[in-house]
Amino acid sequence: MNVKLNKSHIASNSTHLSKHLNLPDPKVFDLPEKVLQFGTGVLLRGLCDYFIDKANKQGIFNGRVVVVKSTDKGGADDFNEQDGLYTHSVKGIENGEAIEEYILNASISRTLSARSQWQEILHCAKNPEMQIILSNTTEVGISLLEGDKITNNPPASYPVKLLAFLYERWTVFNGSAESGMVIVPTELIVGNGDILKDIVLKQAQANALEPAFIEWLNNSNHFCNSLVDRIVPGKPEKEAIEELQKKLGYEDNIMVLSEAYRLWAIQGGEKVRKVLSFAQADSGVVIENDIEIYRELKLRMLNGTHSLQCGMAYLLGFRTVKDVMSNGYLSRIITNLMLGEMSLAIPYKIDAKTRDRFGRMVLDRFRNPFLNHKLLDITVQYTAKMKMRNIPILLQYYKEFGKAPELFAMGFAAYLQFMHGVKEVNGTYYGESNGEFYPINCNFAPYFYEAWQAGFDLEKVLANVSLWGEDLTKLDGFTDAVRKYL
């Protein structure tokens, strides 16, 4: 197939696309750019950009997205060759019914590389209609990098890239209150907006920026805590891509698949609601002053369970979540882990019926037969996810019951075993399972490689406060519970 998806292809309608696709009005290409988005990943495109595109189709938001890619490697050319267009296949179970929809998403206007087009990105700060900044730079992206300067071309870390953009905007608009931005990080970090703001303010001080700018930064910009909840696997399998492309009649190198369920909870008041007007298009966007209940349910029961089961299932030979859930034994373990341990130790007051209803909905989502959600994708930055998602559950479980959660310990042991690197090639560490090598895409892979090479001292690893924020050997019985599964 050699017909490439782009604006011209849509205009020609040569393959009667409207029979299969929810198409945009050609006028969408003339809409102003209102959003600067750091990240090209499938989660942003399958959720945040989905809501923006849906609102545009309803004539509500009427704005497009400039996407910032961190490197020049891959992807950016595909986005620009396709004029920012991509196919979004939505499949799942909603209200007891099977959902299958194909959307041609036209929310992205262009994609810029931070490495080679940084000045063009800064130029976007001069656009008065640009009021929103989104990001998904993984859990490790929101971190304080000492010595990072806004004068770098570009700055190395996301918080300083953001600082440089905001400083440019402050300068261009002479510090007017109206020029402030609504900034919504979607990284899976508790209090992501608060943490990002704190780092940006510290970096503003470290870069010796004017007190007037810091005051504007603090008072005229809205850093919103948020959480995202939609299963959006990585790039579809080759067979799925070929089948879809044959059906639709064009090539699409950046298509995404997702489940039907969607939730984007954003902490904010009237100002945030006014700027994020796309929220009116779909009940899946929730803007409230308190989003803790959404965050805790999703972070602990969905993400936390994912993290505890993915390593174990992968080492047992499974490769996708749906295959794991089709195995009776593992399905029962995951159900009991989620409903019998995780839900009982969420560090937030949530009534039992709400926990149980949410948990069973999550299990149905895990069983979605349409999605090939790869277990390896879930293991990316495995250690950071384990600390942020699951250690608070472990500590709360001990407060409630004073003993080790058995299935949690099993999943934690499997995580440690998954992190057993056996070789390193060009900076990438690999583990081995059933004669196959798999990549360990985690910043702590070198630490665990050395730990396993040295004979693996479980107590030393569990006592490492820099890993967990706590000395886990002080939890009575936890070390022994983990050891018996290693």
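The legends below describe close-up views of a predicted model. Local features need pLDDT of at least 70 and side-chain atom pairs count only at pLDDT 80 or more, whereas totals for chains, interfaces and linings use all residues. Residues are numbered from 1 along each chain as its sequence is written, and side-chain values use heavy atoms, with hydrogens and water left out.

View A. Helix α6 covers residues 192-206; helices (H or I, at least four residues) and strands (E, at least two) are DSSP runs, numbered from the N terminus. The expected span of a helix is 1.5 Å times one less than its number of residues, so the 15 residues of α6 should span 21 Å, in agreement with the 21 Å between its end C-alpha atoms. Buried residues in α6 are Asn192, Gly193, Leu196, Ile199, Val200, Leu201, Gln203 and Ala204. Buried means under 20% relative accessible area, exposed over 50%, and partly exposed in between, with a 1.4 Å probe and protein chains only. The cover over these residues includes α5 (158-172), β7 (182-185), α7 (211-219), β8 (222-223) and β9 (226-229), where contact means heavy atoms within 4.5 Å.

View B. Most residues other than glycine have a negative phi, and most peptide bonds are trans. Ala208, in the loop between α6 and α7, has a positive phi near 55°. Ala208 is exposed, with a relative accessible area of 67%. Gln381 also has a positive phi, near 50°, and lies in the loop between α14 (375-378) and α15 (382-401). Gln381 is buried, at a relative accessible area of 11%. The peptide bond from Asn153 to Pro154 is cis, with omega near 5°; Pro154 sits in the loop between β6 (132-135) and α5.

**View C. The open sheet β4-β3-β10.** This sheet has 3 strands in the order β4-β3-β10, with mixed pairing. Its edge strands, β4 (97-105) and β10 (256-258), each pair on one side only. The twist averages 15° from one strand to the next. Two strands pair if DSSP finds at least two bridges between them; β3 (residues 86-94) and β10 pair in the parallel sense over 3 bridges. Val90 has Ser258 of β10 as its bridge partner. Helix α2 (residues 42-57) lies across β3, β4 and β10 and runs at about 80° to β4. Axes are lines fitted to C-alpha atoms, for helices over the stretch in contact, and angles run from 0 to 180 degrees between N-to-C directions.

View D. A nonpolar core is a set of buried Ala, Val, Leu, Ile, Met, Phe, Trp, Tyr and Cys residues joined through side-chain atoms within 4.5 Å. The largest has 69 residues, and Phe366, Phe412, Phe448, Trp468 and Phe478 have the most contacts inside it. Helix α16 (residues 406-418) supplies the largest share of this core, 10 residues. Not counting residues up to four places away in sequence, Trp468 touches residues including Thr383, Met386, Lys387, Phe412, Tyr415 and Phe448.

**View E. Cys48 and Cys224.** The structure holds 0 disulfides, a disulfide being a pair of cysteine sulfur atoms within 2.5 Å. For Cys48, the nearest cysteine sulfur is that of Cys224, 12 Å away. Cys48 is buried, with a relative accessible area of 0%. Cys224 counts as buried at 2% relative accessibility.
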